[in-house]
Amino acid sequence: MIIDFRSDTVTKPGSEMLKAMMNASIGDDVFGEDPSINELERMSADMFGMEAGLFCPSGTMTNQIAIKCHTQPGDEVICDENSHIYQYEGGGIAFNSSASVKLLYGDRGRINADQVKAAINPSDDNHKANTSLVCLENTSNRGGGSCYELEEIKKIKQVCVENDLALHLDGARLWNAMVAKNETPKQYGGIFSSISICLSKGLGCPVGSVLVGKKDLIKKARRVRKVFGGGMRQAGFMAAAGIYALQNNIERLKHDHAHAKQIGDAIAKSSVAKTVLPIETNIIIFETIGATAQALVDKLKNTQILCYATAPDRIRFVVHLDITPEMVNKTIEIIKTF
Ligand SMILES: Cc1ncc(COP(=O)(O)O)c(C=O)c1O
């Protein structure tokens with residue numbers, strides 16, 4: 001039995017999700033005629049109290065479309081150095097939007113309002129790029145699944161309002177944050193200019209993300225999606241998986257979080273971990289003793305456990321819906337022997 005902790009993107013649809021996909025009503029979405037996509041977009045927007053939604057193939061695309069919509073060429077985007085939009089989207093901020101980035105050094109991927117305020121370029125200084133957008137990530141992937149405090153987000157929003165900046169949320173794992181913090185989508189919808197939510201991470205869909213925001217923004221985003229080559233046709237099969245996931249797979253994330261804590265405790269007690277980052281959701285990141293991460297990943301692979309080295313001295317485990325309690329127990333038994 002292979003136990004795959006490399007990412008929560010490795011899940012495969014179960015029989016109920018597959019049934020929902022097979023029964024989906026479909027049409028040509030480029031003509032706006034796919035009933036399942038229309039329903040998923042409306043449902044997502046309603047959940048967040050936003051006006052509209054746009055279904056896209058990936059979280060990278062929803063983030064990049066949002067950045068394109070909120071900036072002009074030559075503008076500057078403020079984000080944490082560990083942000084997915086900066087680290088893992090192929091330089092898309094520069095490539096797609098011709099914008100530069102002001103990196104902040106936050107706390108496990110989370111930046112604060114004072115840092116944002118200090119990073120804004122004065123709008124009357126022609127030497128400086130025009131700051132137009134702040135991007136947050138909740139939970140933070142490279143921060144080990146860390147969650148923002150809503151109060152800090154509200155403070156950041158205030159800074160954005162005072163300086164006429166848009167505020168985008170990369171909410172690839174926002175579901176995990178909301179379950180861990182007992183928060184609601186509407187609390188987030190009331191703050192952000194746009195939110196990217198992923199269906200293909202903790203919620204277990206094979207594909208898909210939704211960008212939610214105001215009607216005008218989503219109209220513009222739909223045009224940008226076309227330009228990026230992301231207009232899809234009968235993708236309602238995928239949207240049906242998304243609808244199923246939103247109805248069935250959110251509450252259960254608490255089990256993934258509990259499993260992550262159990263595994264993290266075992267790792268902390270083992271001889272291979274120097275430190276384990278605080279475990280708030282479904283991600284475990286630990287520092288190995290010395291630059292031994294890849295060697296340990298290889299050793300674990302021999303025991304059928306797959307995980308991922310995010311740095312020469314860092315390993316990441318991600319718990320997800322295809323990880324059963326039996327797999328958690330087996331993993332803990334193996335870790336105990338290390
Ligand atoms: C925080 C975060 N944002 C965005 C993405 C991008 O999602 P996708 O792989 O669907 O492009 C990921 C992917 O893992 C992620 O972890």
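Contact means that heavy atoms lie within 4.5 Å. I worked on a predicted model, in which local features need pLDDT of at least 70, side-chain atom pairs count only at pLDDT 80 or more, and totals for chains, interfaces and linings use all residues. Residues are numbered from 1 along each chain as its sequence is written, and side-chain values use heavy atoms, with hydrogens and water left out.

**Entry 1: Asn 82**

I located Asn 82 in the loop between β3 (75-80) and α4 (84-87); helices (H or I, at least four residues) and strands (E, at least two) are DSSP runs numbered from the N terminus. Setting aside neighbours within four places in sequence, I found Asn 82 in contact with Gln 87, Gly 109, Glu 137 and Arg 142. The side chains of Asn 82 and Arg 142 are joined by a polar contact of 2.8 Å (a pair of N or O atoms within 3.5 Å; within protein, one must be able to donate a hydrogen and the other to accept it, and residues adjacent in sequence count only if both atoms are side-chain atoms). Is Asn 82 buried or exposed? I recorded Asn 82 as buried because its relative accessibility is 16% (buried means under 20% relative accessible area, exposed over 50%, partly exposed in between, with a 1.4 Å probe and protein chains only).

**Entry 2: helix α11**

I noted that the buried residues of α11 include Gly 236, Ala 239 and Leu 246. Their cover includes α1 (15-22), α2 (35-48), β2 (52-56) and α8 (174-181).
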